[in-house]
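Welcome! Here is a friendly tour of a fold, taken one piece at a time.

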Amino acid sequence: MKVAVIIPAYNRVEELLRAIASLERQTHLPSEWIVVDDGSEIESTPLRSRIEEAGGRFLALPKNRGVAAARNTGVAASSADWIAFLDSDDEWHPRKLETQLTWQSQHPGTRISQVHEQWV
């Protein structure tokens, strides 16, 4: 299964880098991952370079339109069969995608799922 990870971000650098690091530690790497900058007011060129060097895509909205618009922009740019959303201030367990995709393959009629979250 091809899965894309969409990460909306607004004025976050350190948090976003931690989210990306958790994505890079996945036991099942996504087919693609896209960071959508939602019109941040910070300089994003170094961040964009870091993302693209790591194999991700970086899209930037010209002005802040909200997290839903950023997510929708990422989804529209994706070509994967499945979409996973990773917020810029979240981190994933290393087996998150592997576990979820295994479950999805065992339940082929399921079109959407949400996993158990742990809030710390």
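What follows covers the sheet, the helices around it and the aromatic rings.

This is a predicted model, in which local features need pLDDT of at least 70, side-chain atom pairs count only at pLDDT 80 or more, and totals for chains, interfaces and linings use all residues. Residues are numbered from 1 along each chain as its sequence is written, and side-chain values use heavy atoms, with hydrogens and water left out.

Four strands form an open sheet in the order 3-2-1-4, with parallel pairing. Strand 3 (57-60) and strand 4 (82-85) are the edge strands, each pairing on one side only. Neighbouring strands here are turned by 25° against each other on average, direction ignored. Strands (E, at least two residues) and helices (H or I, at least four) are DSSP runs, numbered from the N terminus, and two strands pair if DSSP finds at least two bridges between them. Strand 2 (residues 32-37) is joined to strand 3 by four bridges; Val35 has Phe58 in strand 3 as its bridge partner.

Now to the helices. Helix 2 (residues 45-53) lies across strand 2 and strand 3, at about 145° to strand 3. Axes are lines fitted to C-alpha atoms, for helices over the stretch in contact, and angles run from 0 to 180 degrees between N-to-C directions. Contact means heavy atoms within 4.5 Å. Helix 1 (residues 14-24) packs with helix 2 at about 0°, their axes 12 Å apart. The two helices, helix 1 and helix 2, are therefore roughly parallel, the term for angles under 35 degrees. Leu16, Leu17, Ile20 and Glu24 in helix 1 meet Leu47, Arg50 and Ile51 in helix 2.

Finally, two charges sit over rings (NZ of Lys or CZ of Arg within 6 Å of the ring centre and within 35 degrees of the ring normal).

| Charged residue | Ring | Distance from ring centre |
|---|---|---|
| Arg71 | Phe85 | 5.5 Å |
| Lys96 | Trp92 | 4.6 Å |

Terms used. Angles under 35 degrees count as roughly parallel, over 145 as roughly antiparallel, 65 to 115 as roughly perpendicular and the rest as oblique.
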